[in-house]
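The sequence and the structure come first.

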Amino acid sequence: LIVSCPESVQLSVSEGLSVAVVQEKELLCKEFLSRPKQLLIDGKWVNSVSGKTFETLNPATEEVLCRVAEGGKEDVDKAVKAARRAFETGPWRKMSTAERARIMLRLADLIEKHADELAQIETLDNGKPINESRYVDVPQTVETFRYYAGWATKLEGETINANTNFFTDTLREPVGVVGQIIPWNFPMLMLAWKWGPALAAGNCVVLKPAEQTPLSALRIGELALEAGFPDGVINIITGFGADSAGEAISHHMDIDKVAFTGEDKTGKLIVQASTSNLKRVSLELGGKAPNIVFADADIDAAVKGAITGIFFNQGQVCCAGSRLFLEKNIHDEFMTKLTERIGKMRQGEGMDEKTHIGPQVSKEQQERILNYIGIAKGEGAKLACGGEAPAEMKKGYFVKPTVFTGVNNDMRIAQEEVFGPVLAVIPFGTMDEVAEQANKTTFGLSGAVWTRDVKKAHKFASHIKAGTIWVNCYNVFDPAVPFGGYKMSGYGRELGKHSIELYTNIKSVWVNMMD
């Protein structure tokens with residue numbers, strides 16, 4: 001699956017799916033929005049112990065979509081106990097791996113069957129353009145579940161001929177009860193990235209969606225019950241992070257592993273909390289990706305790639321190409337073409353099929369981005385376009401696509417994760433110079449190189465300290481290819497066979513063969 005340039009609805013998608021323009025004539029999720037939004041614990045939908053609820057808003061209109069149960073520490077404890085019972089005495093671990101795979105495949109089929117409804121839910125709750133939800137988020141969610149359903153039947157141990165007096169082999173076993181905390185930028189897809197390997201390996205999960213975007217997780221939870229997951233295997237606790245459900249998951253003594261995607265500051269707190277029982281932790285955190293364009297690159301392709309790299313999903317992407325390094329002798333040509341294309345991008349409500357860039361997810365996020373724009377101006381960066389909330393948008397959390405030139409790599413705008421549609425353009429003169437600047441950051445999640453010189457491409461791919469390097473492309477993903485970071489971007493790998501390691505233990509067995 002390929003995430004293509006968001007300025008166009010012509011997104012490249014998995015084979016067999018149409019790329020026709022979405023026609024939103026009917027609100028398919030209306031009935032779902034009207035139902036109570038409860039917690040999923042032990043196969044049942046229940047109210048929170050406190051009885052509290054919270055609002056989830058449409059970030060394009062600021063209207064309340066519905067109210068959602070606010071889970072807390074007691075609810076997390078109930079969910080963990082349900083997951084523990086399901087893991088220790090339920091059928092999930094004991095059933096054949098082929099049956100486990102079939103249940104996961106049924107879930108994938110149901111998500112695909114309800115693709116248009118789920119796309120609408122994701123767009124209404126997150127704000128992203130409907131074409132991105134329908135042709136990127138939903139298909140990748142489906143393919144991720146199908147990929148990991150395949151892994152359920154392929155988890156193997158090995159025999160080791162270490163000593164002829166003993167027969168030695170290894171068993172690959174599920175970790176147990178897994179707490180999973182996902183972000184608001186790709187709610188549905190992050191759920192699949194977390195559930196896929198965990199469930200394939202035979203674990204039971206307690207998921208906390210982001211409080212800003214809880215709805216797609218709840219709808220997929222309904223579909224999971226329909227698919228036939230046994231009671232307690234999947235539990236969903238909606239609520240808040242600090243001093244609430246998220247913190248309770250991090251500290252819980254009967255959770256064997258926590259998987260987290262989000263901000264690095266929160267990741268540090270989760271690691272600290274994990275010391276209570278030394279639970280396993282995997283972290284996919286922030287980034288400040290270098291997107292490097294050499295003079296010998298295909299300039300038009302690199303311009304499109306730069307737009308994809310920073311403005312896809314309103315810039316709310318951990319691997320966003322937020323630092324654009326341009327070789328000096330192509331700087332002016334590149335900037336002319338870049339700003340011209342940006343000027344043609346249409347900003348508006350995500351449900352409008354003509355929208356290229358939607359609102360930020362929340363008022364808090366909008367204010368954070370506008371504050372960073374002010375910081376960049378104060379540091380002396382030059383505004384090439386954008387730099388404000390669009391005046392014509394009377395409601396909603398919009399920020400115009402923004403580009404700064406004249407940026408120094410030491411500026412805050414070049415070092416700190418803005419997590420919005422803000423691009424810092426940095427000129428460079430030599431290969432050694434740009435290699436040093438590219439790595440001069442606390443993050444190391446991703447990077448990109450644009451050049452026709454294959455030697456140069458391979459050299460830079462090896463020198464950039466990041467978990468993913470794209471060459472002459474940007475934002476290309478597949479469930480089979482691992483994704484994760486270096487340095488402050490976290491540890492552990494999502495996707496591919498490598499994520500199975502996060503959710504399994506290796507047990508060595510020695511059998512005495514001596515007389």
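The entries below record what I looked up, topic by topic.

**Basis.** I worked from a predicted model, in which local features need pLDDT of at least 70 and side-chain atom pairs count only at pLDDT 80 or more, while totals for chains, interfaces and linings use all residues. Residues are numbered from 1 along each chain as its sequence is written, and side-chain values use heavy atoms, with hydrogens and water left out.

**Cysteines.** I searched for disulfides, a disulfide being a pair of cysteine sulfur atoms within 2.5 Å. The count came to 0 disulfides. I noted that cysteine 66 is in no disulfide, since the nearest cysteine sulfur, in cysteine 29, lies 9.5 Å away. Cysteine 66 is buried at 8%, and cysteine 318 is buried at 13%.

**Salt bridges.** I counted a salt bridge wherever a side-chain nitrogen of Lys or Arg is within 4 Å of a carboxyl oxygen of Asp or Glu. The whole structure holds 29 salt bridges. To place them I used helices (H or I, at least four residues) and strands (E, at least two), which are DSSP runs numbered from the N terminus.

- Arginine 84 and aspartate 256 meet at 2.8 Å, N to O. Arginine 84 is in helix 2 and aspartate 256 is in the loop between helix 8 and strand 10, so the pair ties together parts 172 residues apart in sequence. Arginine 84 is buried at 15%, whereas aspartate 256 is partly exposed at 25%.
- Glutamate 501 and arginine 172 have their closest N and O atoms 3.4 Å apart. This pair links the loop between strand 21 and strand 22 to strand 6, 329 residues apart. Glutamate 501 is partly exposed at 43%, and arginine 172 is partly exposed at 24%.
- Lysine 194 and glutamate 494 meet at 2.5 Å, N to O. Lysine 194 lies in helix 6 and glutamate 494 in the loop between strand 21 and strand 22, so the pair ties together parts 300 residues apart in sequence. Lysine 194 and glutamate 494 are both buried.

**Glutamate 222.** Glutamate 222 sits in helix 7, residues 215-227, and is buried at 19%. I also checked contacts (heavy atoms within 4.5 Å). Leaving out residues up to four places away in sequence, glutamate 222 touches Phe32, Arg35 and Trp45.

**Helix 14.** In helix 14, residues 431-439, I found Val434, Ala435, Gln437, Ala438 and Asn439 buried. Among the elements that these buried residues pack against are strand 12, strand 16 and helix 15.

I used a 1 Å grid over the protein atoms alone: a cavity is a set of points where a 1.4 Å probe fits but cannot get out, and a pocket is an open set with protein on both sides within 12 Å along at least five of seven lines; lining residues have an atom within 4 Å of a point. Grid points are joined across faces, edges and corners, and a volume is the space filled by probe spheres set on the points. There are 5 cavities of 30 Å³ or more. The largest cavity holds about 80 Å³, and 13 residues line it, with Ala320, Ser322, Glu417, Val418 and Phe419 the closest to its centre.

The second largest pocket has a volume of about 200 Å³. Its lining includes Glu55, Gln212, Lys363 and Tyr397. Strand 3 gives the largest share of this lining, 3 residues.

**Backbone angles.** I noted two residues other than glycine with a positive phi. Glutamate 62 has phi near 65°; it lies in the loop between strand 3 and strand 4 and is partly exposed at 38%. Asparagine 475 has phi near 55°; its place is the loop between strand 19 and strand 20, and it is buried at 2%.

How values were computed. Buried < 20%, exposed > 50% of the residue type's maximum accessible area, 1.4 Å probe, protein only.
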